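I opened the model and jotted down what I looked up, one entry at a time.

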Amino acid sequence: MEHKFEKEQRWNELAGEYQTMLYRIAFSNLKNRADAEDAVQEAFFRYMKDEKPILNKEHEKAWLIRTTIHICMDILKSSWHQKTVGLDESLLAESRSVYLPYQVKDDATLEAVLKLPMHYRNPIYLFYYEDYSIQEIAGVLNEKEGTIKTRLRRGREEVKKILTEGRP
Amino acid sequence: MGIEEIGVKRKAQIPEYTNPKKAGQSERFQESLMQNLKSQEEDNVAAETEGSTSPGGRKSGVSMTGTMARIRVNEAAGREAVRTAEVRNMSYEESDNIEIAVTEGYTLKGKLEGSHVYVEAKYDDGRQEAYQVDTGKVQEQTTYRIEQFALETAESVTG
């Protein structure tokens with residue numbers, strides 16, 4: 001009974017601390033509220049089921065972000081997603097409040113970022129909009145720092161292309 | 001007939017090989033080096049007199065700013081209103097003003113602290129820099145992005 005209570009408490013702590021941030025990351029990948037909610041819930045489930053020791057807060061956060069991104073990739077690769085056309089809610093005005101807890105002056109750039117391929121989108125989104133350092137992103141995405149720098153640079157060029165030529 | 005005699009005879013028959021790729025290479029290199037140095041000097045003089053932002057990295061202040069076409073951070077050196085500060089890793093939530101410049105490759109965060117604005121800059125090459133800007137000393141017509149951003153931050157807080 002006590003164990004259940006502890007788990008519930010832990011669940012509430014996790015949700016309070018990371019839910020919004022993970023939801024934004026999931027939404028930036030899936031561009032759909034319902035799918036993003038599913039991805040975040042699945043990430044929390046996996047975290048609670050996982051018996052591996054979590055070293056510290058940073059490790060915990062990195063684990064949750066990485067798992068959320070992997071779940072998003074799985075959803076995007078799933079046969080259901082491949083065969084259906086989901087509603088892209090990222091361009092809807094009411095979805096703008098979903099993105100970030102602060103006011104972004106340049107909506108066009110954010111929309112261009114969301115159009116990037118996943119391997120550019122995630123580093124750019126985490127670096128600029130979630131304010132992660134290159135070192136942290138490398139840890140979260142299990143990549144070398146040099147790879148992240150390259151993706152940030154190339155992703156930036158892609159954003160410019162989308163903004164000027166309108167193509168990803 | 002000795003071995004030396006044959007060797008001498010053969011050496012005399014073989015014409016000296018000149019690598020066409022290397023011919024004149026050192027002269028050309030020296031010439032282009034001098035040209036680069038000259039144009040760099042001219043740019044430095046122009047930047048110092050104008051005191052404006054310009055694309056391309058130039059040596060000014062603490063270290064080279066790199067060759068990125070963005071704000072010249074180390075231009076802070078020699079500016080009365082701007083002092084370099086220790087990076088605190090301030091979050092977006094703590095900041096009074098933020099600028100996300102994806103196409104330029106940097107983010108700026110600012111917080112008003114008394115008569116100063118603390119500004120933190122982060123670049124996509126991994127650099128992080130921080131400044132204390134005395135807004136009272138910043139000229140209104142400044143073209144230096146850090147100073148402009150500090151003024152915007154102060155205005156956003158005080159209205």
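How much area do chain A and chain B bury between them? I found about 1500 Å², with 60% of it on carbon and sulfur atoms. Buried area here is the accessible area (1.4 Å probe) that two parts lose on being put together, summed over both.

**Ground rules.** I am reading a predicted model, in which local features need pLDDT of at least 70 and side-chain atom pairs count only at pLDDT 80 or more, while totals for chains, interfaces and linings use all residues. Residues are numbered from 1 along each chain as its sequence is written, chains are lettered from A and ligands numbered from 1 in the order in which they are written, and side-chain values use heavy atoms, without hydrogens and water.

**The interface.** I noted 21 residues from chain A and 22 residues from chain B in the contact (heavy atoms within 4.5 Å). On the chain A side, Y128(A), D131(A) and R156(A) lose the most area to chain B, together 41% of what that side buries.

**Charged pairs across it.** I looked for salt bridges, meaning a side-chain nitrogen of Lys or Arg within 4 Å of a carboxyl oxygen of Asp or Glu. There are three between chain A and chain B.

**Which elements take part.** I used helices as DSSP runs (H or I, at least four residues), numbered from the N terminus. On the side of chain A that touches chain B, α6 (107-114), α7 (118-129) and α9 (145-165) each give two or more residues. The most come from α9(A), with seven residues.

**Inside chain A.** I then followed α6(A) and α9(A), whose axes come within 9 Å and cross at roughly 115° (lines fitted to C-alpha atoms over the stretch in contact, with angles from 0 to 180 degrees between N-to-C directions). A108(A), T109(A), A112(A) and V113(A) of α6(A) meet V159(A), I162(A) and L163(A) of α9(A).

**A last look.** R24(A) and E130(A) also form a salt bridge between their side chains (2.7 Å, N to O). R24(A) sits in helix α1 (residues 2-30) and E130(A) in the loop between α7 and α8 (134-141) of chain A, so this pair ties together parts 106 residues apart in sequence.
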